[in-house]
Amino acid sequence: MAVFCLLGLGVLYHLYSGFLAGRFAAFMPSEPAAGGPESPRGSAPAGSVDLRELLAVSVLAAARGGEEVKRVREGNVLNAKAKGKTREGADEQLTTGDLLSNRRMFYLLKSAFPAVQINSEERVDTADQETVSWDRSIPEDIKQKIQPKEVPAESVTVWIDPLDATQEYTEDLRQYVTTMVCVAVNGKPVIGVIHKPFSAYTAWAMVDGGSNVKARSSYNEKTPRIIVSRSHAGKVEQVARQTFGNKTVIIPAGGAGYKVLALLDVAEKNQEEADVYIHVTHIKKWDICAGNAVLRALGGHMTTLTGEEISYTGSDGNEGGLIASINMNHKALIEKLPDLEKTSHK
Ligand SMILES: Nc1ncnc2c1ncn2[C@@H]1O[C@H](COP(=O)(O)O)[C@@H](OP(=O)(O)O)[C@H]1O
Ligand SMILES: [Mg+2]
């Protein structure tokens, strides 16, 4: 009888300690098995990723890429060349700054989250791999504002823009240049990071999480200042004037990242302010995803010109133009826009 009791107790103890160990493991950083390869995915269970970790490494990647962008510009050896043409026939510039920034950003993100799909504006040369590892530390401000949040790795798409406003970069208009990382979950933009390499300013935000940037306290809804592209404008001025009247102030500026920051409370010397951002020509998802996530996290909107949400999976192009606003009646803005079949994509 005593033997049976002891055996029973032994089995119970075994089961219970296993259960407890499992419980604790969920709260402990995962340790690599002795002598085994280091866990590439950090503390999240297999098949999932922690969005807070993704935010931290995205902020780091944008800053690291930005260092390359700055170094190349200051060294003045851009090796600018046309990599192709836009649909509208403008040269698409490529510089050493784009390529080196891309290499740094891509390999940092890839080594931290190997299971995640990463789409970048530039191609990575696999013969030119960079061995980088992320130390998995989370900056204090992120730790304070954001809780860990796990999502399935296969639901995530990361979009990298290693150098936004390349055209302006070649013209030495440094204020417009940003590096950007965006994390989409099931196609919805959830994390956005916009970094200005020449002033070391970074805006980050996570939907239903927190941010280090906020909306301005007021916007001019009646006669909004419209910020638009200076090098891929298409008929945007015509659209803006038709919508808001001939006296509307139109601010031409480079970079989709810069134009989103113009809608926010950004205490930056070289940052203009605007009320609405409109783009009517074709644009790529790496150009707009981070700005879309930041705006969404702060209660704003970025949609196509007909008001559809943009899905950040699949193809890299956005066909329907874009309109972005915050603390405004976005729907009313869209209803004011003229018939876009006649004016957009031209
Ligand atoms: N019609 C178009 N076709 C392709 N890319 C476009 C485009 N219009 C804008 N873009 C890209 O969107 C970004 C912002 O454009 P803009 O400065 O004109 O507002 C730039 O990104 P990159 O500089 O990263 O290439 C630019 O190349
Ligand atoms: Mg870009």
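Buried means under 20% relative accessible area, exposed means over 50%, and partly exposed is in between. The model described here is predicted. A search of the whole structure finds 20 salt bridges, and several of them are set out below.

**Arg230 and Glu171**
- Arg230 forms a salt bridge with Glu171, in which the closest N and O atoms are 2.9 Å apart.
- This pair links distant parts of the chain, 59 residues apart: Arg230 is in the loop between β12 (226–229) and α6 (236–244), and Glu171 is in the loop between α5 (166–170) and β7 (178–185).
- Glu171 has 36% relative accessibility and so counts as partly exposed.
- Arg230 is also partly exposed, its relative accessible area being 32%.

**Arg216 and Glu273**
- A salt bridge joins Arg216 to Glu273, with 3.7 Å between the closest N and O atoms.
- Arg216 lies in the loop between β11 (214–215) and β12, while Glu273 lies in the loop between β14 (264–265) and β15 (276–279), so the pair ties together parts that are 57 residues apart in sequence.
- Arg216 counts as buried because its relative accessibility is 8%, under the 20% cut-off.
- Glu273 is partly exposed, with a relative accessible area of 38%.

**A network with shared partners**
- Glu67, Glu68, Arg71 and Arg104 are joined into one network by salt bridges that share partners.

**A pair within helix α4**
- Glu140 forms a salt bridge with Lys143, and their closest N and O atoms are 3.7 Å apart.
- Both residues lie in helix α4 (residues 140–145), where Glu140 and Lys143 are three residues apart, about one turn of the helix.
- Lys143 has a relative accessible area of 40% and is therefore partly exposed.

Definitions and conventions. Residues are numbered from 1 along each chain as its sequence is written. Chains are lettered from A and ligands numbered from 1 in the order in which they are written. This is a predicted model: local features need pLDDT of at least 70, side-chain atom pairs count only at pLDDT 80 or more; totals for chains, interfaces and linings use all residues. Side-chain values use heavy atoms; hydrogens and water are left out. A salt bridge is a side-chain nitrogen of Lys or Arg within 4 Å of a carboxyl oxygen of Asp or Glu. Helices (H or I, at least four residues) and strands (E, at least two) are DSSP runs, numbered from the N terminus. Buried means under 20% relative accessible area, exposed over 50%, partly exposed in between (1.4 Å probe, protein chains only).
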